[in-house]
Amino acid sequence: MELSNQFVLGGSICLPPKLTRSPAGVSHLRFVLEHRSLQHEAGLQRRSYVRIQVVMSGEDAPQWANELNVGMQVQVSGFLNRIEDKNGVAKLVIHAQQLVKI
């Protein structure tokens with residue numbers, strides 16, 4: 001049985017998108033998405049605030065790199081993955097499989 005890993009988050013781009021290419025020639029677009037909302041939990045309203053890195057890989061990445069700007073509202077659909085920075089600190093990122101301007 002395969003476990004589900006699906007994630008959708010809307011918000012605004014808060015840092016400039018950066019396009020890189022792996023040694024294998026795969027394009028990777030990275031940006032930080034900021035989400036703010038009110039959520040209902042246990043009958044109360046709760047403020048939700050998240051900043052998370054988004055990674056989009058593949059053929060669509062260069063096109064999106066030319067279209068995305070700081071402040072733009074987008075919705076990202078994909079899956080969560082764990083990465084480690086150069087200091088070995090783990091964090092979650094969204095690997096975008098679909099990106100929509102909103």
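Me: What is a polar contact?

Reply: A polar contact is a pair of N or O atoms within 3.5 Å; within protein, one must be able to donate a hydrogen and the other to accept it, and residues adjacent in sequence count only if both atoms are side-chain atoms. Now the case here. The side chain of His35 reaches the backbone oxygen of Gly10 at 2.7 Å. His35 and Ser37 also join, side chain to side chain, at 2.8 Å.

Me: What kind of model is this?

Reply: The model is predicted: local features need pLDDT of at least 70, side-chain atom pairs count only at pLDDT 80 or more, and totals for chains, interfaces and linings use all residues. Residues are numbered from 1 along each chain as its sequence is written, and side-chain values use heavy atoms, with hydrogens and water left out.

Me: Is His35 buried or exposed?

Reply: Buried means under 20% relative accessible area, exposed over 50%, partly exposed in between (1.4 Å probe, protein chains only). His35 has 13% relative accessibility, so it counts as buried.

Me: Where does His35 sit, and what does His35 contact?

Reply: Strands (E, at least two residues) and helices (H or I, at least four) are DSSP runs, numbered from the N terminus. His35 is in strand β3, residues 27-41. Contact means heavy atoms within 4.5 Å. Beyond neighbours within four places in sequence, His35 contacts Leu9, Gly10, Gly11, Ser48, Tyr49 and Val50.

Me: How many residues are in the largest nonpolar core?

Reply: A nonpolar core is a set of buried Ala, Val, Leu, Ile, Met, Phe, Trp, Tyr and Cys residues joined through side-chain atoms within 4.5 Å. The largest one has 17 residues. Phe31, Leu68, Val74, Val76 and Leu99 have the most contacts inside it. Elements giving two or more residues to this core include β1, β3 and α1 (61-67).

Me: How many salt bridges does a search of the whole structure find?

Reply: Side chains of opposite charge can pair when their charged atoms come close. A salt bridge is a side-chain nitrogen of Lys or Arg within 4 Å of a carboxyl oxygen of Asp or Glu. The search finds five. One of them pairs Glu34 with Arg51, with the closest N and O atoms 2.8 Å apart. That pair links distant parts of the chain: Glu34 is in β3, Arg51 in β4, 17 residues apart. Glu34 is buried, at 14% relative accessible area.

Me: Is Arg46 buried or exposed?

Reply: Arg46 counts as exposed, at 51% relative accessibility. Its side chain meets that of Glu41 in a salt bridge, 3.0 Å from N to O. Glu41 is partly exposed, at 45%.
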